[in-house]
Amino acid sequence: MSHTAESIWIDCLSFIKDNIKPQAYKTWFEPIKPVKLSGEALTIQVPSKFFYEWLEEHYIKLLRVALVRQLGNDAKLVYDVKMENNYSSNRPQTVKIPSSNRDPLKPQRVTAPIDSSKRELRNPFIIPGLQKVKIESQLNPNYSFANFIEGDSNRLARSAGMAVANKPGGTSFNPLLIYGGVGLGKTHLAHAIGVDIKDKYPDKTVLYISSEKFTQQFIDSVKSNTRNDFIHFYQMIDVLLIDDVQFLSGKAGTQDVFFHIFNHLHQNGKQVILTSDKAPVDMQDIEQRLLSRFKWGLSAELQAPDYETRISILQNKLYRDGVEMPDDIVEYVAKNIKSNVRELEGVLISMIAQASFNRREFSLELAKQIVDKFVKNTKKEVSIDYIQKEVSKYFDMDVATLQSKTRKRHIVQARQLAMFFAKRLTKTSLASIGNQIGQRDHATVLHACKTVDNLTETDKQFKKYVDDLTKKLTF
């Protein structure tokens with residue numbers, strides 16, 4: 001006998017009815033209508049977005065058990081949600097939204113390595129405890145491998161992440177360093193690894209933290225004379241994920257304490273996962289002993305996604321938001337937004353908002369308007385590293401020479417131009433510009449900018465340098 005959506009749903013309801021109160025069953029399950037059965041995916045229609053959100057928050061576990069009983073472990077649930085208005089008309093419409101099919105991540109208690117006779121261990125997350133310390137993973141369950149679209153640009157990093165999630169601390173990818181430019185999915189992938197480990201190993205203590213927060217906690221521990229408690233807390237972690245590790249640059253005390261924590265975790269078979277916007281070889285002001293440890297495991301790069309991957313990312317985002325958009329518009333966005341995933345999703349969100357709030361149809365004209373704004377903004381975002389590389393290339397020298405202490409006239413002028421454009425094209429402070437361009441101070445940068453302004457007015461050849469570099473650096 002072949003199954004239908006109706007027969008499967010009737011069997012699910014009989015199980016659900018036995019496990020909840022009659023009033024709850026009548027309110028939340030009787031109004032649901034089965035719509036379609038496609039393989040292991042059952043689509044059900046619910047009366048409103050609020051109805052769908054309530055089911056996801058309060059009854060997802062019960063729904064999952066009921067579906068697995070009928071359709072097996074690969075069972076999926078899709079909601080057909082009735083919406084009050086279309087984006088471009090007054091007709092009621094429905095949108096299809098897949099179930100998250102998961103519960104929120106639960107914190108677990110771990111035994112702290114202290115005697116009851118001693119003072120309590122101070123948790124940097126300010127969660128009090130004596131023998132037991134409650135540790136929140138700080139993970140976002142919405143960042144998962146399921147919605148991290150694989151492509152040639154990220155296959156190595158994603159595959160390594162899945163291997164680590166299957167066997168944390170038991171692979172040669174320890175530490176796993178994921179690096180790449182802005183908006184390419186480093187944080188998403190780090191969370192996905194943590195979420196997968198929590199699903200497979202609920203007893204493991206997983207902690208995600210940004211390097212800035214880690215640094216601030218360390219500073220606080222020094223002020224309150226609890227440095228040892230800080231170290232002991234992090235030594236209890238089974239899987240430590242540190243985001244944007246490049247921000248440890250120049251912070252000698254934080255690097256020193258992280259070195260000891262890293263060594264303890266690594267020697268005890270714990271997993272360390274790091275993200276950075278630079279490869280280890282390009283990191284500056286990081287102690288050599290720490291850099292060498294970053295290179296122990298695997299350094300996996302995330303690159304800008306290719307056209308096919310960008311199409312897949314957009315289609316996945318639309319599917320999860322329950323929005324339908326013509327293929328030609330999706331293709332236009334994918335062709336024109338190439339730099340990173342965050343901008344791709346930003347264009348999509350802007351289009352949905354415009355269509356929704358201004359009652360406009362999705363159209364190529366609307367897509368072009370929004371894409372133009374994003375592309376113009378992207379052109380303004382230039383990094384100091386990029387400026388140094390372009391200036392060095394223009395004057396036929398390497399970046400190390402540009403940053404050197406030499407006083408040769410043509411090298412000094414190149415260095416001053418790099419500082420001038422860094423101040424003009426970035427929002428970085430003068431002190432930070434000087435630090436990144438040859439360890440100079442802010443007064444040197446100020447002097448460089450004034451010199452460039454003066455030479456531009458009095459020296460035709462120098463003015464040509466400025467004009468040529470302006471074209472290069474502003475695309």
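Two strands count as paired if DSSP finds at least two bridges between them. Helices (H or I, at least four residues) and strands (E, at least two) are DSSP runs, numbered from the N terminus.

I am working with a predicted model, where local features need pLDDT of at least 70, side-chain atom pairs count only at pLDDT 80 or more, and totals for chains, interfaces and linings use all residues. Residues are numbered from 1 along each chain as its sequence is written, and side-chain values use heavy atoms, with hydrogens and water left out.

**Entry 1: strands E8 and E9**

I looked up E8 (residues 206-210) and E9 (residues 239-243). They pair in the parallel sense over 5 bridges. Which residue of E9 is the bridge partner of serine 210? I found aspartate 243. In E8, 4 of 5 residues are buried (under 20% relative accessible area; exposed is over 50%, partly exposed in between; 1.4 Å probe, protein chains only).

**Entry 2: helix H6**

I checked the length of H6, residues 186-200. The expected span is 1.5 Å times one less than the number of residues. For these 15 residues that gives 21 Å, and the end C-alpha atoms are 21 Å apart, so the two agree. H6 is mostly covered, with 12 of its 15 residues buried. Among them are His188, Asp196 and Lys198.

**Entry 3: the annotated site**

I read the UniProt record next. Its unreviewed entry has a "binding site" annotation on Gly183, Gly185, Lys186 and Thr187. Such annotations may be inferred rather than shown by experiment; positions are in the numbering used here, and feature names are shortened.

Glycine 183 sits in the loop between strand E7 (176-180) and H6. Is glycine 183 buried or exposed? Its relative accessible area is 8%, so I log it as buried. Leaving out residues up to four places away in sequence, glycine 183 touches Asn340, Val341 and Arg342 (contact: heavy atoms within 4.5 Å).

Lysine 186 lies in H6. It counts as buried because its relative accessibility is 9%.

**Entry 4: nonpolar cores**

I then looked at the cores (buried Ala, Val, Leu, Ile, Met, Phe, Trp, Tyr and Cys residues joined through side-chain atoms within 4.5 Å). The largest has 30 residues, and Trp9, Phe29, Leu55 and Tyr79 have the most contacts inside it. Helix H1 (5-17) is one of the elements that supply at least two residues of this core. H1 gives the largest share, 7 residues. Apart from this core lies another, of 29 residues, including Ile231 and Phe258.
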